[in-house]
Amino acid sequence: MSRTSDTFDSLQTRVSKGAKASADVFISIHANANDHSGANGTETYYDATYAAVNSLKLAQKVQPRMVSALGTRDRGVKTAGFYVIKYSKMPSILLETGFVTSPIDANILKSTTVKDRLASGITTGVSNYFESK
């Protein structure tokens, strides 16, 4: 965990923290937003700049576990050049758990029970990634 309170670290600082910690993987967890309230679902991003094969494997292990834990629409695994996954040299993914602008997803994400299931789902996906190596 990079934060224990509601503080803001720059994107570069987040990447640096992962590198300095000699982390085996880098996972950035978010809630998405969209101008259209109908947009909903869960998606996982990886970047092909560094550790592309392992980043994809990690994404493929975590994405279905998140969807199962949340009961949201599966928006899949996608590539993107988001700073934190582009410049992290270890396998890295960026998780979009759901849309805070969707009444459906927002209601799901408010539940403490669901957030606990989400954490367990992410953990299981990461464990499955390491077991498959």
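Colleague: Why is Arg75 called partly exposed?

Modeller: In this predicted model, Arg75 has a relative accessible area of 24%, and because buried means under 20% and exposed means over 50%, Arg75 falls in between and is called partly exposed.

Colleague: What makes the contact between Arg75 and Glu43 a salt bridge?

Modeller: The N to O distance between the side chains of Arg75 and Glu43 is 3.0 Å, and since a side-chain nitrogen of Arg within 4 Å of a carboxyl oxygen of Glu is what the term requires, the pair counts as a salt bridge. Arg75 lies in strand β3 (residues 74-79) and Glu43 in strand β2 (residues 42-46), so this pair ties together parts that are 32 residues apart in sequence.

Colleague: How do you know that Glu43 is buried?

Modeller: The relative accessible area of Glu43 is 2%, and because the limit for buried is under 20%, Glu43 is counted as buried.

Colleague: What makes Glu43, Arg75 and Lys78 a network?

Modeller: Besides its salt bridge with Arg75, Glu43 meets Lys78 in a salt bridge with an N to O distance of 2.7 Å, and in this way Glu43, Arg75 and Lys78 are linked.

Colleague: Why is Asp9 called buried, and why is Lys17 called partly exposed?

Modeller: Asp9 has 14% relative accessibility, which is under the 20% limit, so Asp9 counts as buried; Lys17, at 34% relative accessibility, lies between 20% and 50%, and therefore counts as partly exposed. Asp9 and Lys17 form a salt bridge, with their closest N and O atoms 2.6 Å apart.

Note on methods
Residues are numbered from 1 along each chain as its sequence is written. This is a predicted model: local features need pLDDT of at least 70, side-chain atom pairs count only at pLDDT 80 or more; totals for chains, interfaces and linings use all residues. Side-chain values use heavy atoms; hydrogens and water are left out. Buried means under 20% relative accessible area, exposed over 50%, partly exposed in between (1.4 Å probe, protein chains only). Helices (H or I, at least four residues) and strands (E, at least two) are DSSP runs, numbered from the N terminus.
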